[in-house]
Structure formats: C-alpha cells, structure tokens
Amino acid sequence: MSTLAATTPRRAWGLRKPNVIPGFGLTLGFTLTYFSLIILIPLIALAIRSAGLGLDGFLKAASDPRVLGSLRVSFVTALIAASINVVFGTLLAWVLVRYRFPGRRIFDAVIDLPFALPTAVAGIALTAIYAPNGTMGALFAPLGWRIAYTPAGIVIAMIFIGLPFVVRTIQPILEEVSHEVEEASATLGANRFQTITRVILPSLTPAILTGFALAFARAVGEYGSIIFIAGNIPFVSEIAPLLIFIRLQEFNYVGATVIAVIMLLISFAILLLINLIQAWSRSRYGYGN
Amino acid sequence: MEVRVQNVRKEFDRFPALHDVSLDIRSGELIALLGPSGSGKTTLLRLIAGLEMPTAGRIFFGDTDASEKTVQERNIGFVFQHYALFRHMTILENISFGLKVRPRATRPPAGEIRRRALELLDLVQLAGLEKRYPNQLSGGQRQRVALARALAIEPAVLLLDEPFGALDAQVRRELRKWLREIHDRTGHTTVFVTHDQEEALELSDRLCVMSQGRIEQVGTPDDVYDHPTSPFVFGFIGESSELPVTVQNNEVWLGGRPLGLPAGDSQPGKARLFFRPHDVELVQADAALTGAVNTARRVGGTRRVELTISGANQPVEVDLPFDHPATENAALTFRPRRWKLFPAA
C-alpha cells in the first residue's frame, strides 16, 4: 500500500493525470470561478429567494391560475415557433449552402440581423406590419384572422428572433456533409427524395436538434419584442416573462422569483433532454470523420 | 457487360477536361485508368458512371446507349476514395441501402435483402461487424464495406475512384490483392482509377494511360511497360532516363560521337533517347555513353548511380550491381540494352 502511494502520489485528486497540455488546474479554477460568478450565483440567489416561501407557499404561488396560464402560453408558443424555425431554417441553410446566386452573401448577412436588432424595435416593427391595419395584417383581416394581439403574434415574434440560431447551427454541418455521400446514394439507385429523407436529413439530425434547442431557449426567454405584439391578455396572450415583470411592479418579489424558478426548471429539463439525445446520436454516428 | 466510350469530350466552364476520348472496355476485365492528377481519369470514370454528362460523344453499356441515362438508371457500382459511407446507418444498413430504395415492384423481400447483405459482408471478410457504425471501423474496413455496398445492387459495371488512395501502404497492398480475388470470383467488369503505377501494373488486366485529357496508350501491363508508344508513357510508367540525341546515318549520336546504337527506322534529326536505368550494360568500347559519377546510392539490391554524360547537360540514372565499386567522379561506359527513340518535339 505504502509503495503504491509513494509511486502515485499525484493521482490523489483523481482528476489530475499526466498530460502534455499544461495549466489544467489554472484553467479549471478560472472556469469554475467565472461560471459561478456569471451563471451559478444569480441562479442560486433565485432559488434561495423563492425557497424563503416554503414548499406550501411555493406550490400555492405556482398553482395560481394566471401563472399557469402564462407558463402555458410561453412554452406552447415557444415550442411551435422553434418547430416552424427548424423546418424553414433548414431550408434556408440548404439554399445558402447548396446554391450560388446573386445576392447570396447579402442574404447570408441579413440572416444575422435578428441577433443584432434591439428586440423592442423588432416588436414594434412586427406589430405595425401584422396589426389589422398593417401591410400583412390587412391581408389576413378579411379572413377573420387576427395575428397581432393574439398568440399567433407571439409565435411570429419568436420565429423572428429564433431563426438565425437554427440557420447558423445547420449551415456548417450541411457544408460538411460531403457531396460524395449524395452521389453514393444516387449510384445505389436512390432518387432525390430518398437521398434527402434517408441520407441527408438523418445526418443533419444532431445539428437540427441543437438549432431547435437554441431557438426554443431564446423564444422562452424573449420579452422585448413579444410584449408589443402579444396584446398581453391574461390567460390568452400573456407570457411568463411579462408576468414576472408585473409581479415586480407590484413589489411581489417572491411571486416573481417563483415564476422564474418554474421557467428555469422546465427549460432546463427540455434542454437536458435534447442534449442527451444529441450525445447519444453523436456517440453512435461519430463526428468529424 | 462491355462498355464503349465513343468520342467523348467533356468541358467544365469551357475548360476542356477530356478531348475526344474513345475506349473499349471488355466484359469482365479489370482495367485501370492511370495518369497524373489533372489527366482526366476521374472525369472519364464519372462520365461512365453518369455522375457527369459528356459535352459530346456517347457511352454504350453493351448495345444500349447509356449516354442519356441517369446515374440511377445505369445500375453501376461506384466506390469513392473517401468511402462515402452513410455514417448514421449500421454496416448492414449501409450495404442493404441500394436494395431498400428500390421501387416496391423490384425490391426483394426484407429477409432476402438481409440475407444478401450478410452474404456480401462475408465476401468482404467483415462477418460479425454488421451492427457497427462506420466510424467504429478502420479505413481499410470502411473501404471494404463501400465495396460490398456497391456490389449489393448487382451492378453492370463496377467503378472505383482511387479506392486505396486514402489508406496507408501496408493496407493498400493487402486490399489490392484482395480486390483482385474478389474480381476473379465475381467477374464484374471493373474500372478503377489510380495515380499509382505500381497498383495499376499489379492489379489490372489492361491499363489505359492518360495525360492532359487524352488517352496515351491502352494495353496489358507488359505491353505498356515494354513497348511504350509515347515519351509520356515511357516517363510515367516505370523508371526512365532520357537523353537528347541526334539520328544520323541510321545511328544514334550524342555530342559528335556515335553511341553504337542502331536507329532502326527513326527519321534523321534531333531525337529523344529513352531507356530504363536497370536495363543497361557496362561495355569497353568507344562507341557508347560515357559519364562521370555524381552520386552513388545503394537502393535495395542495386546501386543507383547518377551520371553526368559527356556531351549532354542533363544527369541520367543507371542501376549497377550493388557490389560495383562506383565512386564519385569515376568514369563509366555503358549502353542501354533496350531503348526507344522519339522524335524531339
């Protein structure tokens, strides 16, 4: 025992293995500090604040019908928006990667604008267009469809802000899917449709999942653009982040943190699930070879 | 199935990649398209496959004109240099893909597809790996899977684009032998592209040497090696030494001296003399090549000597027995045993 301990004294930590890359301790220490300061401490503060309420108080605050309504609106619209973004974002990425056409670079640059635009500006612009007297809204008004001031408007705003996440995650992977694989599929007798559904889309699945997760997370947390277009009717088009803000204005800090904690838990569960699916598919298919 | 390529031309954006190429591929033969990069060999293979369409000319599979047919209709097996396996599918799924995508009318039942895929897996000596994914296999194994996948559709012609190009030397030699065995067993008409002359000479029934979008020579390995019909082929296949000479009075001259080599039916005037470094004999004569040794290196069982030939400015290489005491600046007199004259361009 003693000889073993003498020969491997540095293995005591278990993390530290001999490695040619130096600085493991330093970088891990820095990473943990940074991670704590920026992410962990605010989240823990949130949890502690809401824990002050006790389990009964927490459940009571959480089961408030208006809270449940706003959570439902937030998550359902975010899921719809992320799903729509995945379909059309994939299509956009496909066009940008596969075809060469005049203005492609400008088109490509414009995709990023929702990243940069202040969300309030986006919200006001979208409201103006989709309001019943706006350019787009006027087209739908005769059909009896209202977009602005309904959950449909929320979905539109979420699509707007989430699209670049999907396009930008799929684009590089699509560039990596070699043309040879498509040709191989064709030489084996597969038609275009079979090549796309059986060869290309499955190899994009991990990227599509990532894009979905990012767009979804962004949509759930979005506030600025949605409050303009949503109409904010409780139980119909009031999103959870707005309800948090309302609680804050009522000086009901605990009520606000309770909603925040529930949102966090649901988001975390969904993102964890997506990450697990990805890890599983990566370990199967391998990456980058 | 025999394949006839008839006066095919291919241009990419007005840049010609193939000029008026014709080639008859016999049924059941293993033919190599050999040439340096940019010679058009891969383009020719892709034209036969239908992955590219010719600018002009026709391609026949047997008696049917395949020029207008799509890749899918041509029923060819294609093996890519970088395998191009579907990495989200298991090995078994990869191999059975070609059968599974067939329209219902011609698709074999699922059990039959599985049986055939397993049989092919056995043929490529990978039995037991059907549940693995491509990234769990080595390069050599992946290329075997790619071949099994191509064979699964019972192709009319098997086309291989630098199939061993991405593998290391050891595996490459192994797979070469193995491909020959598979070919002899299955009897598919096989065309493969390579830039490795050793591979082409060892593996093929016939080779087609290409350069700059043209076919230089087609023939058996012996034929092409022993009777090259152009300076390019002489220089490209095997090792060669070249000297600028003149033909006069039916003799070959260099630097005002006859070399003791009859010129045969070559036209008088400037010419290029080609010979193999290993195909020379040392002589005691005035009418021969003489040169001073620059360097002498032991290469395997021979001694490779670089000489500066008097009367010519360029160095040439010859092979001597390894125990020949060639030292620097020593003078050597020799004649090629076999040689070939080409008119100077």
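Which residues in helix 10 of chain A meet residues in helix 11 of chain A? The views below, taken from a predicted model, begin with that pair.

**View 1. Helix 10 of chain A meets helix 11 of chain A.** Let's start with the residues themselves. From helix 10 come V181(A), E182(A), S185(A) and A186(A), and their partners in helix 11 are T195(A), V199(A) and I200(A). Sorted by class, this contact holds four nonpolar, two polar and one charged residues.

**View 2. How the axes of helix 10 and helix 11 of chain A cross.** Two packed helices are described by the angle between their axes and the distance between the axes. Here, helix 10 covers residues 179-187 and helix 11 covers residues 192-221. Their axes come within 10 Å and cross at roughly 135°. Because of that angle, helix 10 of chain A counts as oblique to helix 11 of chain A. The crossing of helix 10 past helix 11 is right-handed.

**View 3. Chain B in contact with chain A.** Now look at where the two chains touch: 20 residues of chain B are in contact with 19 residues of chain A. On the chain B side, helix 2 (71-74), strand 6 (76-79) and helix 3 (91-100) each supply at least two residues. The residues on this side of chain B include 12 nonpolar, five polar and three charged ones.

**View 4. The two domains of chain B.** Finally, follow chain B along its numbering to find domain 1 at 3-234 and domain 2 at 240-343. The C-alpha centres of these two domains of chain B lie 40 Å apart.

Key. Residues are numbered from 1 along each chain as its sequence is written. Chains are lettered from A and ligands numbered from 1 in the order in which they are written. This is a predicted model: local features need pLDDT of at least 70, side-chain atom pairs count only at pLDDT 80 or more; totals for chains, interfaces and linings use all residues. Two residues are in contact if their C-beta atoms, placed from the backbone, lie within 7 Å. Helices (H or I, at least four residues) and strands (E, at least two) are DSSP runs, numbered from the N terminus. Ala, Val, Leu, Ile, Met, Phe, Trp, Tyr, Cys and Pro count as nonpolar, Asp, Glu, Lys and Arg as charged, and the others, Gly among them, as polar. Domain bounds come from an automatic or database domain assignment. Axes are lines fitted to C-alpha atoms, for helices over the stretch in contact, and angles run from 0 to 180 degrees between N-to-C directions. Angles under 35 degrees count as roughly parallel, over 145 as roughly antiparallel, 65 to 115 as roughly perpendicular and the rest as oblique. A crossing is left-handed if the near helix is turned anticlockwise from the far one by less than a right angle, and right-handed if clockwise.
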